[in-house]
Amino acid sequence: MEKSLPLRHGLGHATAASLVAAAAVVLASGYGLMSGAGRYAQSQSVLVSQGADAANLIAVLLVVVTVGMAWRRSLTALLLWPGGLFYLAYAYVPYLVGAPFTPLLLVDVVAFLAAAYGLTALATAIDGTALRGLFSGAPARAVGMVLTVIGALAYAGLVATAIGAFGTSTTEAAWRGHWVADWILGTPALITGGVLLWAKRPFGYAAAPAMLLVSALGGAVFAVAAVVDNLAGGIRTDLSVVVVHLVISAVSLAVLAWFIVAPHRAVTKVRRPRPHPGPAPGTA
């Protein structure tokens, strides 16, 4: 199944962009971790903090691993690779909006643009029609519905938080980067991927696994960033908020696994030998 990947063209451009994005994130995160908590003193968002600098390295590792495995013809890696790139682009929107205005902002721009270009290159390279054939036995409608519901719940949480912050200039300034990333990038992509997969559109079969990974990464990275900041004496995040994000991450990961193993189940079913009945009693 993984000897021939469903591709329209090569992966060279996506690979180069992914490695540039990974290098930029490592540079930005390394500087942020070495510069001390004072660099993000004006931020009240856990997504723009030293904890986020540390946690974003998880996404970098995932991108590098999926690039290597995709070149070794892994279908699973090919499906997860766009999710890692999308998360890097999403993660750096809050930095572009809310991080200190220093020369390091140019590195943040490179991280965002390289991840976005790599994601675009992958979107045009992956053959969604071929993927739909490979995942013909997958629970597409159910998984699409779950992803859409996750996105709708995320919007509900954003609205509730925004209403509570109206008229509070300090909260608005501190959280604007986080809200921009969620309102116009992260949450719409979750819903779009879910709807397209529910409708069994070819692009949905490429987009939905990536968005499920983004949802899983988002919860895990938020939790890691919050724990690191809490331990370092930076931004304080309630344990209940960390637990909620971990639950979202676990649910998204479980649904992703449910969807992505479908072709493997189909191959196993085809290869499983069928029992042959023996000769009837009394016959030679």
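Modeller: Happy to! Searching the whole of this predicted model turns up 1 cavity of 30 Å³ or more. The volume of this largest cavity is about 30 Å³. Its lining is made up of Leu47, Ala52, Asn56, Tyr87, Ala91, Tyr95 and Val221. Two elements, helix 2 (50-71) and helix 3 (75-98), each bring at least two residues to that lining, and helix 3 provides the largest share, with 3 residues. By class, the cavity lining has 6 nonpolar residues, 1 polar and no charged.

Ser29, which sits in helix 1, has Asn56 among its contacts, together with Asp53, Leu57 and Tyr92, once neighbours within four places in sequence are set aside. Is Ser29 buried or exposed? With a relative accessible area of 0%, Ser29 is buried, because that value is under 20%.

Now for the open spaces. The largest pocket has a volume of about 980 Å³. It is lined by 35 residues, and those closest to its centre are Ala154, His178, Asp182, His245 and Ile248. The largest share comes from helix 6, which gives 8 residues. The lining of this pocket divides into 20 nonpolar, 12 polar and 3 charged residues.

The second largest pocket holds about 260 Å³ of space. Of its 16 lining residues, Leu119, Ala123, Phe203, Ala207 and Met211 are the closest to the centre. Helix 3, helix 4, helix 7 and helix 8 each give two or more residues to this lining, and helix 8 gives the most, with 5 residues. In this second pocket the classes are 13 nonpolar, 3 polar and no charged.

Charged residues bring me to the next point. Side chains of opposite charge can pair when their charged atoms come close. In the whole structure the search finds 1 salt bridge. The partners are Arg8 and Asp127, whose closest N and O atoms are 3.9 Å apart, and the pair counts as a salt bridge because the cut-off is within 4 Å. It ties together distant parts of the chain, 119 residues apart: Arg8 belongs to the segment before helix 1 (12-35), while Asp127 lies in the loop between helix 4 (104-125) and helix 5 (128-134). Arg8 is exposed, at 52% relative accessible area, whereas Asp127 is partly exposed, at 21%. With the limits set at 50% and 20%, both values lie just over a boundary.

Finally, a word on the backbone. Most residues other than glycine have a negative phi. Arg73 has a positive phi, near 70 degrees, and is found in the loop between helix 2 and helix 3. Lys200, also not a glycine, has a positive phi of about 60 degrees. Lys200 is placed in the loop between helix 7 (169-198) and helix 8 (202-232). As for accessibility, Arg73 is partly exposed at 38%, and Lys200 is partly exposed at 37%.

Terms used:
Residues numbered from 1 in each chain as written. Predicted model: local features only at pLDDT ≥ 70, side-chain atom pairs only at ≥ 80, totals over all residues. Heavy atoms only, no water. 1 Å grid on protein atoms, 1.4 Å probe; cavity = no way out; pocket = protein on both sides within 12 Å on 5 of 7 lines; lining within 4 Å. Points joined across faces, edges and corners; volume = space filled by probe spheres on them. Helix = DSSP H or I, 4+ residues; strand = E, 2+ residues; numbered from the N terminus. Nonpolar A, V, L, I, M, F, W, Y, C, P; charged D, E, K, R; others polar. Salt bridge = Lys/Arg side-chain N within 4 Å of Asp/Glu carboxyl O. Buried < 20%, exposed > 50% of the residue type's maximum accessible area, 1.4 Å probe, protein only. Contact = heavy atoms within 4.5 Å.
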